[in-house]
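I opened this one to go through it a piece at a time and jot down what I looked up. Here are my notes, in the order I made them.

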Amino acid sequence: STVFNNTSALNPEHIPANLPHRENQIKELTVSFKDLIINPGSTSIRTVIVGRTGTGKTVTAKKFGNELKGIANQKGLKLYYVHVNCHRQRTLYLMLMEIAQNLRLPLPNRGLSSQETFKLIYDYLERKNLHLLLTLDEFDYFISTSPIEDIYFLVRIYDELNVSVKRLHYIFIVRELSTLSGLDKSIKDHIIKNIIEFSPYTSSDLYDILQDRIINEKAFKPNAVSDEAIKFISDIHGADKGGSGNARLAIETLELAGKIADTENAPIITVEHAKKANSKINPEMSVITDTIKDLDLHYLLLLKAISSLHKKQGEDFFPMGRVEEEYRTVASLLGEEPRRHTQIFEYIRRLKLMGLILTRHSSKGMRGRTTLISLPIPVSTELEELLDGEIKRRLQ
Ligand code: ADP
Ligand code: MG
């Protein structure tokens, strides 16, 4: 027997029908994009969503975008919603490819520049009389990895084009506003028009979110979750009780508690199951898992190299050269041509920005200071299995 009913409602990608405690944020989004419905084309609308991990930024933007699309379509306005994750689409060019794909706009095979690609997209919007609401999720990352020209290009497109109908509208999602404050004033003025804050969830917010998954989304069988278990998990993660206010962690803990109840053949998830689940959930691991799933092969091979160095030598920090050497070994064992030194250097920089590695400088030795690299979490079987699984998938 099982306590679960509809496990897909617990999937991180699942978009629930309700988003408790995000009503105000959705209202603010609606107000910002009002002109797009009432007076389409008059301005290019830009809104910034800011908040910590697990505060519902991604799910809210997706839900809002799709609802706005529905409302627009009802009014005869052709609006597309495209959600780009800047970890996954790492460059302006990849981002534009993703947009074209979502619009089902075929691109020629010959290598186009970003400018040419954008021109094709824009002409297409114009020809078909379409509007596009583009969400750039994890935009902090795009800002810290992209050349300033690309950021400039992306946010100032209209000033250069001088078009009469503004067809492109943005939601920028960032974890911290400070990423934007470092930008050029001319760029900042184009992005920061309107800021919507997503605060960490309190214990009672999380209680309602979990209840919604249980009752409305029917993730579990009726009465299969005890109220004390829900309260316990909400208290652990609630920001007002010293937790991180991260809804993802709360949902994951509940899911794991259900699995534990199942292995014990228990018909109800009790607070004991919730406690056991909590002791097994590794918040850091949970946060990096999603990012790892978005990585290309050679980023994964670099992480694998660091984890196998750790296993061989028992240390945590390794000199850059040592990591690179191990990476070459790992790559050749898998029959992959290793990337060149400069490329590896760039990968390391990006992994650091994604929070997937830590770096520090060695104290001054004979050969001067070198960069030392470590993983941000302890090497566990779970981490190794995750890396191996993802590497295998890339090689298929
Ligand atoms: P962020 O993008 O801010 O890191 P997500 O949007 O990915 O956060 O949300 C993390 C998880 O929590 C997802 O599974 C999401 O569906 C869920 N979630 C977040 N906020 C809510 C909410 N208000 N109601 C229901 N589920 C939520
Ligand atoms: Mg997100």
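Predicted model: local features only at pLDDT ≥ 70, side-chain atom pairs only at ≥ 80, totals over all residues.

**Salt bridges inside helices**

I started with helix H5, which covers residues 114–128. Aspartate 123 and lysine 119 form a salt bridge there, and their closest N and O atoms are 3.1 Å apart. Why are these two separated by about one helical turn? Because they sit 4 residues apart in H5. I checked accessibility for both partners. Aspartate 123 has a relative accessible area of 30%, so I put it down as partly exposed. Lysine 119 comes out at 44%, so it is partly exposed too.

Next I went to helix H11, where lysine 231 and aspartate 227 lie 4 residues apart, about one turn of the helix. Their side chains meet in a salt bridge at 2.8 Å, N to O. Lysine 231 has 44% relative accessibility, so it counts as partly exposed. Aspartate 227 is at 29%, so I wrote partly exposed again.

Then I looked at helix H18, residues 381–395. Glutamate 390 and arginine 393 make a salt bridge of 3.1 Å, N to O. They are 3 residues apart in H18, so about one helical turn separates them. Is glutamate 390 buried or exposed? Its relative accessibility is 5%, so it counts as buried.

I also found a network of salt bridges that links Glu346, Arg349 and Arg350.

Arginine 22 sits in the segment before helix H1 (23–32). I listed what arginine 22 does touch, leaving out residues up to four places away in sequence: Thr55, Thr60, Phe198, Ser199 and Tyr201.

**Helix H10**

Aspartate 205 turned up again among the buried residues of H10, so I followed that helix next. H10 runs over residues 203–215, 13 residues in total. From first C-alpha to last it reaches 18 Å, close to the 18 Å expected at 1.5 Å a residue. I noted its buried residues as Ser203, Asp205, Leu206, Ile209, Leu210, Gln211, Asp212, Arg213 and Ile214. What do they pack against? I found helix H11 (227–237) and helix H12 (247–263).

**Nonpolar cores**

The largest nonpolar core has 38 residues, and the members that touch the most others are Ile99, Leu136, Phe139 and Ile191. Setting aside neighbours within four places in sequence, phenylalanine 139 is in contact with Cys86, Leu154, Phe172, Ile173, Val174, Leu180 and Ile191. There is a second, separate core of 34 residues, and it includes Met285, Tyr299, Leu301 and Leu383.

**A three-stranded sheet**

I then traced an open sheet of 3 strands, ordered E6-E8-E7, with antiparallel pairing. Which strands are at the edges? They are E6 (318–319) and E7 (358–361), each of which pairs on one side only. E6 is joined to E8 (residues 371–374) by 2 bridges, and the two run antiparallel. In that pairing, proline 319 has leucine 372 of E8 as its bridge partner. I noted histidine 361 standing opposite threonine 371 in E8.

**Last entry: glutamate 325**

Glutamate 325 lies in helix H16, residues 320–333. Its relative accessibility is 48%, so it counts as partly exposed. I also took the C-alpha separation between glutamate 325 and proline 338: 10.0 Å, with the two 13 residues apart along the chain.

Note on methods:
Residues numbered from 1 in each chain as written. Chains lettered and ligands numbered in written order. Heavy atoms only, no water. Pairing = 2+ DSSP bridges. Expected span 1.5 Å × (residues − 1). Buried < 20%, exposed > 50% of the residue type's maximum accessible area, 1.4 Å probe, protein only. Contact = heavy atoms within 4.5 Å. Core = buried A, V, L, I, M, F, W, Y, C linked by side-chain atoms within 4.5 Å. Salt bridge = Lys/Arg side-chain N within 4 Å of Asp/Glu carboxyl O.
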